[in-house]
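Here are my notes on this model, point by point. Have it open while you read.

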Amino acid sequence: MEDFYKVWLQHNPQTRLSADEEKMLGEKIQTGKALAAKKKGYGLSKEEQLICSEGEKALKRLILCNIPLGIYFANKYASKYPDIGLSLDDISQEALMGVMKAAERYDPKADCKFSTYAAFWIGQTIRRAIEDKSDAIRKPASAHSRARLVHKIEAETGGTLTSAAIA
């Protein structure tokens, strides 16, 4: 996977966006989405169609420029949880879905960079994929979160816990 990623970056060099560029793209995305939702695709003038298409182009650019961020988080989760039953390709795909969700929901008026905002969505989509797809028998998300908490407490105390201590 890492070789594929390096080759992809050589053929698709993406520059990092500044905070101002991220906000500008976010504003174009929001303007285009708001206009499309208002008119629901009917009766758009040429100028309104242009604004909507600029919003779509801005969304694509924001996503493409942040693919390395998604791959970074995928590698981080894959190395942290090597035996989860998902390949690095699957985790990378989920991370990129998180980048897409973050790009669609990014609010440029909020005082934070896109990468900070996207980190939450990327992590959430990867964790949800791990919970849904890693086991042969699907468990509810709450069971996974409780199991993570128990493992964290066991790691902090340095031993196995009794059921009374867990309760």
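This is a predicted model: local features need pLDDT of at least 70, side-chain atom pairs count only at pLDDT 80 or more; totals for chains, interfaces and linings use all residues.

**Notes on the model**

1. Phe-120 is partly exposed, at 46% relative accessible area; partly exposed is the band between buried, under 20% relative accessible area, and exposed, over 50%, using a 1.4 Å probe and protein chains only.

2. Residues are numbered from 1 along each chain as its sequence is written, and side-chain values use heavy atoms, with hydrogens and water left out.

3. What is the chain built from? It has eight helices and zero strands, so the labels come from DSSP runs numbered from the N terminus (H or I, at least four residues, for helices; E, at least two, for strands). Of the 167 residues, 29% count as buried. The chain exposes about 11,000 Å², with carbon and sulfur atoms supplying 56% of it; accessible areas come from the Shrake-Rupley method with a 1.4 Å probe, and for residues only the protein chains shown count as cover.

4. On contacts (heavy atoms within 4.5 Å): among those between residues at least 6 apart in sequence, 65% join residues at least 24 apart.

5. Now the rings. Rings of Phe, Tyr and Trp (its six-membered ring) pair if their centres lie within 6.5 Å; planes under 30 degrees apart are stacked, over 60 edge-to-face, and the rest tilted. The count comes to four aromatic pairs. In one of them, Tyr-106 and Phe-114 have ring centres 5.3 Å apart and planes at 90°, so the pair is edge-to-face. Phe-120 and Trp-121 are also an edge-to-face pair, at 5.2 Å centre to centre with 75° between the planes.

6. Buried or exposed, where does Tyr-106 fall? Tyr-106 counts as buried, at 2% relative accessibility, and Phe-114 is buried too, at 0%. Together with Tyr-117, they form one aromatic cluster.

7. Last, a helix pair: α3 (residues 46-65) and α5 (residues 88-105) pack at about 140°, with axes 9 Å apart. Axes are lines fitted to C-alpha atoms, for helices over the stretch in contact, and angles run from 0 to 180 degrees between N-to-C directions. That makes α3 oblique to α5, because under 35 degrees is roughly parallel, over 145 roughly antiparallel, 65 to 115 roughly perpendicular, and the rest oblique. The contact is made by Leu-59, Leu-62 and Ile-63 of α3 with Val-99, Met-100, Ala-103 and Glu-104 of α5.
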